[in-house]
Structure formats: C-alpha cells, structure tokens
Amino acid sequence: MSGGPPKALPSTGPHSLRDMPHPLAGSSSEEAVGGDSTPSPDLLMARSFGDKASALFHQTPREFHICSAASDGSTKACQDLILPNGGTPAGTSSPASSSSLLNRLQLDDDIDGETRDLFVTVDDPKKHVCTMETYITYRITTKSTRVEFDLPEYSVRRRYQDFDWLRNKLEESQPTHLIPPLPEKFVVKGVVDRFSEEFVETRRKALDKFLKRITDHPVLSFNEHFHVFLTAKDLNAYKKQGMALLTRVGESVKHVTGGYKLRSRPLEFAAVGEYLDTFALKLGTIDRIAQRIIKEEIEYLVELREYGPVYSTWSALEGELAEPLEGVSACIGNCSAALEELTDDMTEDFLPVLREYILYSDSMKSVLKKRDQVQAEYEAKLEAVAVRKEERPKVPADVEKCQDRMECFNADLKADMERWQNNKRQDFRQLLMGMADKNIHYYEKCLMAWESIIPLLQERQEAK
C-alpha cells in the first residue's frame with residue numbers, strides 16, 4: 001500500500017428506476033401469493049437471475065471494512081483535527097483512460113433525462129479527540145427542492161453510530177423494503193489503525209454510497225427519520241425520545257405467528273432465496289481469493305523494492321556494465337510503482353464492492369424472512385377462520401387486511417429486488433471493466449519499462 005493519499009472510488013451515482021411505479025399504488029389482488037395471473041416463476045427467475053449470475057461471474061466488486069464507533073459523548077470539549085483528504089467529493093475521480101470514460105458514459109446513458117430533487121453527499125471527515133473517546137464525524141450536505149425541506153441546503157455532521165441509528169429506524173418503519181447495508185463496524189484483517197487516512201476514506205465512500213442508495217429510493221427517501229438525519233442539528237435529541245413502537249406488521253407477527261410454521265414460499269421468492277445463498281457463497285469465495293492475491297502482491301512488491309537497489313549498488317563496482325545495471329534497477333523501480341498502483345486499486349475499488357453486495361444479500365434475506373412471517377400470519381388466520389367456518393361464513397376484515405398487507409409486502413419486495421438487480425448489474429459491469437483496464441495499464445507499464453532497456457543493451461553489443 002502506498003503512503004500517498006487514497007484514490008477516490010468511482011461512484012456509480014444515481015441509477016434510473018426504469019419508470020417503476022410505486023408498489024403500493026399498483027397492488028391488486030392479482031399480486032396475491034399464488035395468484036394465477038403471476039408470471040411463471042421459472043421464466044421470471046430465469047430472466048431475472050440468469051443474466052445476474054453472468055453479471056456476477058463476469059464482472060467486479062468493491063469493499064467495506066469498518067470499526068465500531070464509540071458511544072455518545074459531548075463534543076464541546078473536544079479537539080478537532082481535520083484529516084488530510086477531507087472534503088474530497090464523492091465520485092470525482094477521473095477514469096483511468098478515455099476508453100473507460102466512454103464505457104462509463106455508455107453504461108449510465110439511461111440516467112439522462114431523469115429528474116432529481118434530492119442530492120446528498122458525505123465528505124470532510126474530521127477527527128474529534130475528547131477526554132473519554134476519539135471518533136470521526138463526516139459532513140452531510142443536502143440539497144433539495146422538495147416541499148418538506150424548509151431550506152434549499154443543509155449541512156450537518158454525523159458519526160458512524162448516527163448512520164447506524166438511521167438504518168435501524170428505516171428497518172423499523174419500512175419493514176417491507178430492502179434497506180441498503182452499512183459498512184461493517186469492526187476493523188477488518190490487515191487494517192490496524194481505524195483512524196488512518198485509508199480507512200477513514202474507505203468508510204466515507206461507503207457511507208456516501210449508503211445515503212445515495214436511500215436517496216435514489218422512491219419510498220425510503222421520503223422517510224421522516226431520513227429527513228431528521230439530514231436536517232437536525234442535534235440528532236441526539238431525537239435519539240433520546242426512545243425506541244419507536246413496533247410497526248403493525250411487527251406487532252401482528254409477534255403475536256400471531258409464534259410457533260406457526262410457514263407452509264411454503266411462493267416459487268418466485270423461493271428462487272430469490274436460493275439465488276441469494278449462491279450469490280453470497282460465490283462472492284465470499286471471490287473475496288477470500290482476492291484478499292489472498294492482494295496479500296501476495298504486497299509481498300512481491302516488498303521483494304521488488306529490495307531487488308532493484310541491488311543492481312544499482314552492483315553498478316558502482318562495474319565499469320562497462322554500470323549503465324545497463326542502472327537501467328535494470330530503474331526498470332524494476334518502474335514495475336514496483338506500477339504494481340503498487342494496481343494493488344491500491346484492487347484494495348480501494350474491487351474489495352469494497354464485494355463487501356457491499358455480500359452485506360446486501362444478508363439484508364435481502366432479512367426482508368425475505370419478514371415476508372415469510374407476514375405470510376405465516378395470513379395462513380394462521382385462514383386456518384382459524386376455516387375452523388369457525390360454520391359460525392362466520394364471511395372472511396373477517398382482519399384476514400382481508402392481513403392479505404392486503406402480504407400483497408403489499410410482495411409488491412414492495414419485488415420492486416426493490418428489481419432495483420437492486422439493476423444497480424448490481426451496472427456496478428459490477430463498470431468495476432470489472434475498470435479492473436480489466438487497470439490490469440492492462442499495469443502490464444503496459446511493465447512492458448514499456450523493460451523495452452526501454454533493450455536499445456541500451458543492443459548498443460553495447462554492437463560496440464563490441
């Protein structure tokens with residue numbers, strides 16, 4: 001790893017939603033579980049997951065390695081230390097070449113024409129040194145033309161645990177939707193200092209991506225807790241109000257489905273569960289192998305840095321060979337610099353995406369489990385009605401409400417799954433093309449370095 005400033009991670013930016021209507025507005029009885037009008041699960045999953053699997057195994061990722069934030073504490077007596085690289089806007093990195101720029105423009109051409117009214121960025125990490133703890137805060141800048149925002153622009157500072165609070169509130173208040181994952185709290189293997197520039201910058205990018213995912217969502221972006229997170233100067237005042245009451249979905253599941261076993265998932269959701277298991281397994285394998293490759297590249301880089309100076313020292317003892325030996329030393333130095341750049345790119349661009357989507361699969365599994373609980377509640381109520389069929393010939397209103405809730409859950413989950421697949425396809429395609437581009441540049445630099453010394457060796461051969 002180089003000692004220089006971390007490179008900015010390419011950001012996929014906002015994605016189009018394919019003109020997707022809000023699921024609650026378009027739900028109907030035809031979307032009920034097991035409805036005859038539902039498209040064939042085999043066709044749906046084959047179309048939805050076949051090309052996703054190909055996008056997974058022929059495309060690339062990124063990383064999330066984070067440590068836990070300290071508990072709440074007063075910041076009034078703190079000493080603020082501004083970190084280098086603070087204020088680097090998200091997504092400002094330049095493509096490695098004109099070809100990669102063209103590829104990105106081609107991938108994101110569907111963004112043109114999309115009207116956006118909410119923009120959120122995370123930047124300017126600042127270190128706070130207090131008596132009891134040391135922690136990092138990030139500046140959250142929000143610009144919006146929405147009527148619920150009193151001002152056109154807001155700027156607040158948040159620490160990691162504030163992001164964690166937001167995600168918990170979103171899960172609590174929007175149980176039918178897929179909540180984007182946060183970067184992990186713990187310090188990952190190989191990262192010793194959680195206040196290092198590289199670590200803080202990696203976390204900043206991950207938190208920026210987290211908020212952009214929420215901003216792009218047609219439902220989550222209007223959540224009241226998200227609004228408070230973006231605008232409140234003192235977020236602790238809202239935290240002290242206590243945990244919100246469980247949602248009606250959570251309450252009913254808690255009381256009705258205890259001990260009830262779900263009969264079976266609908267085929268399309270069963271296929272989603274199987275896909276997520278395989279997806280997480282494959283990504284986990286790729287992540288382990290990628291980390292091992294990076295470790296070996298770093299070890300190789302250490303050897304190269306020791307190898308090159310040996311030729312330079314040797315050249316001082318030789319007369320006629322001095323110039324060629326110095327040339328070899330310079331070539332090895334150039335190759336070392338190219339390898340260091342490639343290793344940094346793999347660590348900062350490739351691994352974070354892998355980690356994000358591994359965590360995303362866990363989030364999706366959690367939503368699926370909640371959907372199953374709602375279905376279990378509905379089945380339990382139906383069985384209870386069947387027992388009392390003679391007494392109550394009509395379906396009770398609470399059963400109909402439960403069915404509506406299940407249909408809305410199914411519709412929300414389908415819409416979020418489609419949105420997730422679209423984002424994943426673009427993220428992986430862009431990053432894999434970027435990785436291919438960077439590997440090509442690495443070998444081109446090594447080739448140019450060694451080719452540069454050939455004329456010198458040829459001249460000395462001709463002189464003899």
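Are Tyr 357 and Tyr 360 buried or exposed? In the predicted model, Tyr 357 is buried, and Tyr 360 is buried as well. Both residues belong to helix H10, where they lie 3 residues apart, about one turn of the helix. An α-helix has 3.6 residues a turn, so residues three or four places apart point the same way.

The chain contains 12 helices and 4 strands. Of its 464 residues, 48% are buried.

Beyond its neighbours within four places in sequence, Trp 420 is in contact with Leu 178, Tyr 275, Leu 276, Phe 279, Tyr 357, Tyr 360 and Met 364.

The whole structure holds 12 aromatic pairs. One of them is formed by Tyr 311 and Trp 314 and is tilted, with 6.3 Å from centre to centre and 40° between the planes. These two residues both lie in helix H9, 3 residues apart, which is about one turn of the helix. Tyr 311 has a relative accessible area of 18% and is therefore buried, the limit being under 20%. Trp 314, in contrast, is partly exposed because its relative accessibility is 38%, between the limits of 20% and 50%. Tyr 357 and Tyr 360 likewise form a tilted aromatic pair, with centres 5.6 Å apart and an angle of 35° between the planes. Together with Tyr 275, Phe 279, Trp 420 and Phe 428, Tyr 357 and Tyr 360 make up one aromatic cluster.

Charged groups also sit over aromatic rings. The charged end of Arg 371 is placed over the ring of Phe 269, 4.6 Å from the ring centre. In the case of Arg 146, the charged end sits over the ring of Phe 222, at 3.8 Å from the centre.

Helix H6 (residues 224-231) is largely enclosed by the rest of the structure, because 6 of its 8 residues are buried. The buried residues are His 225, Phe 226, Val 228, Phe 229, Leu 230 and Thr 231. Their cover includes strand E2 (118-129), strand E3 (134-144), strand E4 (153-159), helix H4 (160-173), H5 and helix H7 (236-239). At the start of H6, the backbone nitrogen of His 225 lies within 2.8 Å of a side-chain oxygen of Asn 223.

Helix H5, one of the elements covering H6, spans residues 197-216 and contains Glu 197. Glu 197 counts as partly exposed because its relative accessibility is 30%. The C-alpha atoms of Glu 197 and Pro 125 are 9.6 Å apart in space, although 72 residues separate the two in sequence.

How values were computed
Residues numbered from 1 in each chain as written. Predicted model: local features only at pLDDT ≥ 70, side-chain atom pairs only at ≥ 80, totals over all residues. Heavy atoms only, no water. Buried < 20%, exposed > 50% of the residue type's maximum accessible area, 1.4 Å probe, protein only. Contact = heavy atoms within 4.5 Å. Polar contact = N/O pair within 3.5 Å; in protein donor to acceptor, adjacent residues only side chain to side chain. Phe/Tyr/Trp six-rings, centres within 6.5 Å; stacked < 30°, edge-to-face > 60°. Lys NZ or Arg CZ within 6 Å of the ring centre and 35° of its normal.
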